[in-house]
Amino acid sequence: MAVVLAVCTLVVGGCGSGGEGEPEGTGNAMSRQAVDDTTVSMLVQSQRALKQGALRKSLALADSVVHRAPRLADGHFQRGRVLSELKRFDEAETEYRKVLSLDPQYQGAWFNLGNNAYRRQNFEKALRYFQNEQEQFASASTLVEIGKAYGAIGKPDSAQWAYERALSLDSTAAAAHARLGRLYEEEGKPEAALRHSRRALELAPDNVNYQYVVGSHLFQLGRYEEAIERLESVIEKRPWHQEAHYNLGQALVRTGKQDKGKRYLSAADSLDKQQREIERLESVAKDQPDNPKRWKTLGDAYRRAGRLDRAREAYSIALYLRPTSPTLRDQMAQLAAERGNYKAAVTHYRTLLRRNPNFTDGWFNLGVLYAQNGETEKARKMWERVLQQNPNHPRARDYLTSLPEGDS
Amino acid sequence: MTGCADSASSPSGESGVSFEDVTKRANLDGFWHRTGAFGEKWFPETMGSGGGFIDYNGDGRLDILLAGGGGWEESDVELKRALWLYRNDGGGRFTLVTEEAGLGGVEAYGFGITVADYNNDGHRDFFFTTLNRNLLFRNEGDGTFTEVGREAGLTAPPEWSSSAAFFDADNDGHLDLYVGNYVKWSRESDLFCSVDGDTKAYCTPEEYEGAIGRFYHNDGDGTFTEWTERAGFRSSPGKTLGVTMLDYNRDGWMDLYVANDMERNLLYENRGDGTFEERGTVSGTAYSQSGRVRAGMGTDAGVVDSTGRPTIFVSNFSREKISVFRHEGDGLFQDRSALSGVGRPGKFTLGFGLFLFDAELNGTLDLFVANGHVQPDIEHIDRAIHYKQRPHLFLNDGNGRFEELAVDNGPLTDSLVARGAAYGDYDEDGDLDILVTENEGAAHLWRNQVREGEGENAPRYLRVQLEGTESNRDGVGARVRVERGEDVQERLLRTGSSYLSSSEMTLTFGLGEQSSVDQVTVHWPSGEMDRVENVKANQTLRIVEGKGREAV
């Protein structure tokens, strides 16, 4: 049955270049072509898979949509999004161009092109793309991106204009306030900077970056006690936040708490080294986007740093490049568990063990996952399976011994 | 200058300062810095070189010494001279005298020049940092130099050194030497760095292990002993490019600030006995405001506002602001990069040579930064950044707030691949001229015209030369205060600073419209103090330790 694809909940997603949890654009996808139910379903599944980090599946579904309905802009748009996530920016750009050739009024296409260009540090190009989006679909979020691009090419006055314009369109645009705050900070106006960063935080109280920026502005103004409170809260939520550690350490030293301050400064030093290593690995992965080892190494580094969302992104790319790797699937499962996503972790293990039933570590780790979830009987079965494959597996034996009798 | 509102000229439009490129007229246009590059893109090629001012023959005129760069055995590029010494003949003309000064046969891949009279014989010597063995040239007092590095005890193994500073760490009257080292690099260990994965690009310091700096104690008999560990310099992570000195806690013992490239910067506080404690991180001078490490290049320090406290400046990589750290007391510094006004304009340039000087002669220290990128194809990678870049001249409003001088023509509009930068009054007209060196390029001499054509209205100056007796002969480390009423200017006589370069050792105080000052006070490193009262403007005052004023 053919239906008109009326509303598709596309989010112009995964493209926020600032990583501030800002709104990432408003997707549209008013299709002008009639498509069948299966195609619509595939599109929706592709979006869902992308959200879960199942990039290969997401791309396969998007490919299928394009194959079934080559003149459907939404299919190409979705393909562009997946390719962006895979850091295949040239191919993503081609897809977005196809979108615009099919539907010049497609909301989000110029925006995502802009984000891709920004990520590749081609700020002037990014600016042009964002401006194109803005001409067709004026929005505060696009103006914020325009402001960022202006800032990146050394035009702070224009950036300020863009942020103020964003606020005139939507006075609740937290990202615009946050960015204005940064501009004022750069201009040597810390009071104005604090005013805007505080407003951003009022509008998005859960945004940890905004919490940090407020703390940092308080520190710059010499309001150390207030800064300490704020920065401690940031570190509680993001233990890897190097800047918060540094500013907190400095604030503590300046309030006479030398020893505690030095401990935070020392931690900041270690985190700085860790961050630099991550940046190096990011650069290596970007240079060799087809090398799964590079992405896995990057994912490992993110994971060690506690940055689990980023780790998932990197592992997802690695897994896309090497879908049959049991080790990678195991890593994805462990990561899902660490992120508190039990269901996803189990799904990963089931997929892994279906394809690689002799992967003993998979059975063992699934057992651990079950045990941690209180499902002792399931855990017992997994570890017994481990011992069938490897009777000398010491940890499986120990764990089995430690299990209480009976089902949970 | 603290206060001094009646003589301060405002930045940009109202400033009378301008510069004229006199390189050719001065006969310096024969110089060309060589990197030796022949396609291999070896790391050292991007970093050199420097130069500076030295009155090598004691005639009172500033001569110019330039590092010529280097060559490789594998390269066809010929290095004419490792050192280029130009004698100032007066009248704005220079003559190349490298060979007759005994410097013609020097072989080195050279970087930095640091000038001082290390043996207190009244003749300016210099230290030359290189890619291999560093060289110490003793001035024989007859217009020639002899290289005495090994016999003077500078026996470190070959290593890539950058900026150095002579200073009296233990106040014993003899200048010690700190040598900043960069990374452990050799042709054999050269790495293939690339932006696109195929084409080789110049590496950045992250790829190499840092080489620690070295400290040499001057034994007072013309020789040095390495005291790197004993003096507390062993913990350095290396990757040093800039070194400056200051006495931020005013205890009379010289402290040292070291700018590092992608390592934390270091603040060595003198414990009061010639040994040091590194306090960079805790003092707030090691990192950016957000605690991130930066690519520090050149550095200088001075009092730029009415607090009387020193501020440290560091030039950094493109997309990193110029660092500005003001001492707030108790050994803690505040990052004033944004507040000072130099942060934003400096964000899109890659600064190397950097120094504070009173360009306008209005009594406030202004800031000059020489810029130029290290990757020739940077514009393909980041279109907002250029390989050749204009320098910055930031004028100080007297409160530590700077505004970039806006000019439409003249040498300050020239885009260069600049590295070294130094100042000195080569034409003896009382204002400070600028020397800039380029990578694989020319040296540029820019004459300051701030006093030109103004007649009686020209801004006035006072130049102060020091001669230590109990202290080191050059008076390095002496703190000089010039006072008129409540207006106070203060300078520290330092070596090192900037990047690979040496500025003149005469201190210049801008007096604006003032025709005299009430007193000039010298606080010598020995602890002695000399004071000269009622000093007229527009003269060079020579003060000998323990004797006060002496005619020049």
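Strands, like helices, are DSSP runs numbered from the N terminus, with at least two residues (E) for a strand and at least four (H or I) for a helix. The model is predicted, so that local features need pLDDT of at least 70 and side-chain atom pairs count only at pLDDT 80 or more, while totals for chains, interfaces and linings use all residues. Residues are numbered from 1 along each chain as its sequence is written, and chains are lettered from A and ligands numbered from 1 in the order in which they are written.

In a regular strand the side chains alternate between the two faces of the sheet. In β21(B) both faces are covered, with Pro310(B), Ile312(B) and Val314(B) buried on one side and Thr311(B) and Phe313(B) buried on the other. Two strands are taken to pair if DSSP finds at least two bridges between them. Strand β20 (residues 299-303) of chain B runs antiparallel to β21(B) and is joined to it by five bridges, and Ala301(B) stands opposite Ile312(B). The hairpin of β20(B) and β21(B) has six residues between the strands, and within this hairpin Gly308(B) takes a positive phi near 80°. Strand β22 (residues 323-329) of chain B is also antiparallel to β21(B), with four bridges between them, and here Ile312(B) has Phe325(B) as its bridge partner.

Elsewhere in chain B, four strands form an open sheet in the order β16-β17-β18-β19, with antiparallel pairing. Its edge strands are β16 (240-246) and β19 (276-278), each of which pairs on one side only, and the twist from one strand to the next averages 20°; angles run from 0 to 180 degrees between N-to-C directions, and axes are lines fitted to C-alpha atoms, for helices over the stretch in contact. Six bridges connect β16(B) with the antiparallel strand β17 (residues 255-260) of chain B, and Leu246(B) has Asp255(B) as its partner in β17(B). Strand β31 (residues 460-467) of chain B is joined by five bridges to strand β34 (residues 507-512), which runs antiparallel, and by six bridges to strand β37 (residues 539-544), which runs parallel. Val464(B) stands opposite Leu507(B) in β34(B), whereas Gln465(B) is partnered by Arg542(B) in β37(B).

Most residues other than glycine have a negative phi, and most peptide bonds are trans. Lys239(B), which is not a glycine, has a positive phi of about 60°; this residue lies in the loop between β15 (224-226) and β16 of chain B and counts as buried, with 28 C-beta neighbours inside 10 Å. Asn538(B) likewise has a positive phi of about 60°, but with 16 C-beta neighbours inside 10 Å it counts as partly exposed. The bond between Gly48(B) and Ser49(B) is a cis peptide bond, with omega about -10°, and Ser49(B) is found in the loop between β1 (19-21) and β2 (51-54) of chain B.

In chain A, helix α1 (residues 37-52) and helix α3 (residues 73-85) pack at an angle of about 15°, with their axes 11 Å apart. That makes α1(A) roughly parallel to α3(A), where angles under 35 degrees count as roughly parallel, over 145 as roughly antiparallel, 65 to 115 as roughly perpendicular and the rest as oblique. Helix α2 (residues 55-68) of chain A packs against α3(A) at about 155°, with the axes 8 Å apart, which means that α2(A) is roughly antiparallel to α3(A).

Between the chains, the contact takes 20 residues from chain B and 28 residues from chain A, two residues being in contact if their C-beta atoms, placed from the backbone, lie within 7 Å. On the side of chain B that touches chain A, α1 (280-283) and α2 (337-340) of chain B each supply at least two residues. The residues of that side divide into eight nonpolar, seven polar and five charged, where Ala, Val, Leu, Ile, Met, Phe, Trp, Tyr, Cys and Pro count as nonpolar, Asp, Glu, Lys and Arg as charged, and the others, Gly among them, as polar.

Note on methods: A residue is buried if 20 or more other C-beta atoms lie within 10 Å of its own, exposed if 12 or fewer, and partly exposed in between; C-beta atoms are placed from the backbone.
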